[in-house]
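Subject: Structure handover

Hello,

Here is the structure I said I would pass on. My notes on it follow below.

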Amino acid sequence: MAQIAKVVAITGASSGIGEATARRLAADGHRVFLGARRTGRLERLVEEITGEGGTAAFGKLDVTDAADMHAFIDAAVCEYGRIDALVNNAGVMPLSPLGALKTDEWDRMLDVNVRGVLHGIAAALPVMRAQGGGHFVNIASVGAYEVSPTAAVYCATKFAVRAISEGLRQESAGDIRVTLVSPGVTESELADSISDPAAREAMKTYRAVALPAAAIAEAIAYAVSQPSQVDVNEIVVRPTASAQ
């Protein structure tokens, strides 16, 4: 059965899961609108997608800025006339023990991982309700289900994304679909933000077995492709060889 082409906005689309998702959804025939701070990367990605016959556009986006998020969603609607799905993917992971007191990094995780998702919901929900439907795909982590040393704050942000997603699902049943995708260890640039030496070294071992970002894009594509009466609520994706 042929898929219905949708308009999908993706945050954090300049690398990792966001980039892989953009490529996969565009290959499936969807129109993608890509957001991130690194616009040079977005420009190259859009050129590659359109060069392969896909439809893509981009806008500069800082998810921690509510006004920026509203402008991003408005630009997507202006470009394509509507927005069928928003993939809230942007995230950071500067792990450290709580005793290291890296409060600036804690604030950054809260701003990007939690407020960024809330800003996306606040900007896109009215648009989706006005057009009679839509779909939020929120990217969490296996850290939304368990806590490990050095990851207390990061896991707290992902527990929050899980709670927000479930609340949105319950409040929006009937017109807005909500999917929580929780990746296990996945190839990405997340670990690059770890400034704590011990946590950075531990992450090298933890990430020895990792999924390609394309595996998470596959899960997102599955959820987005379902018919309107099917709401895929949660997907957890782990490497086969990993117990984490």
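Which residues do ring pairs link into a cluster? The cluster consists of Phe33, Phe72 and Tyr80.

Before the details: this is a predicted model, in which local features need pLDDT of at least 70 and side-chain atom pairs count only at pLDDT 80 or more, while totals for chains, interfaces and linings use all residues. Residues are numbered from 1 along each chain as its sequence is written, and side-chain values use heavy atoms, with hydrogens and water left out.

Aromatic rings

Rings of Phe, Tyr and Trp (its six-membered ring) pair if their centres lie within 6.5 Å; planes under 30 degrees apart count as stacked, over 60 as edge-to-face and the rest as tilted. By this rule there are two aromatic pairs. Helices (H or I, at least four residues) and strands (E, at least two) are DSSP runs, numbered from the N terminus.

Phe33 and Tyr80 make an edge-to-face pair, with 6.5 Å centre to centre and 90 degrees between the planes. Tyr80 belongs to helix H3 and Phe33 to strand S2, so the parts tied together here are 47 residues apart in sequence. Phe33 is buried, with a relative accessible area of 3%, and Tyr80 is buried at 12%. Buried means under 20% relative accessible area, exposed over 50%, and partly exposed in between (1.4 Å probe, protein chains only). Phe72 is buried too.

Strands

S1 runs parallel to S2, joined by five bridges; two strands pair if DSSP finds at least two bridges between them. Thr11 has Gly35 in S2 as its bridge partner. S1 also pairs with S4 in the parallel sense, over three bridges, and there Ala9 has Leu86 as its partner.

S6 and S7 pair in the parallel sense over four bridges. In S7, Ile235 and Val237 form a covered face, whereas Glu234 and Val236 form an uncovered one.

Helix H7

The buried residues of H7 (residues 213-225) include Ile216, Ile220 and Val224.

Regards

Technical notes
Expected span 1.5 Å × (residues − 1).
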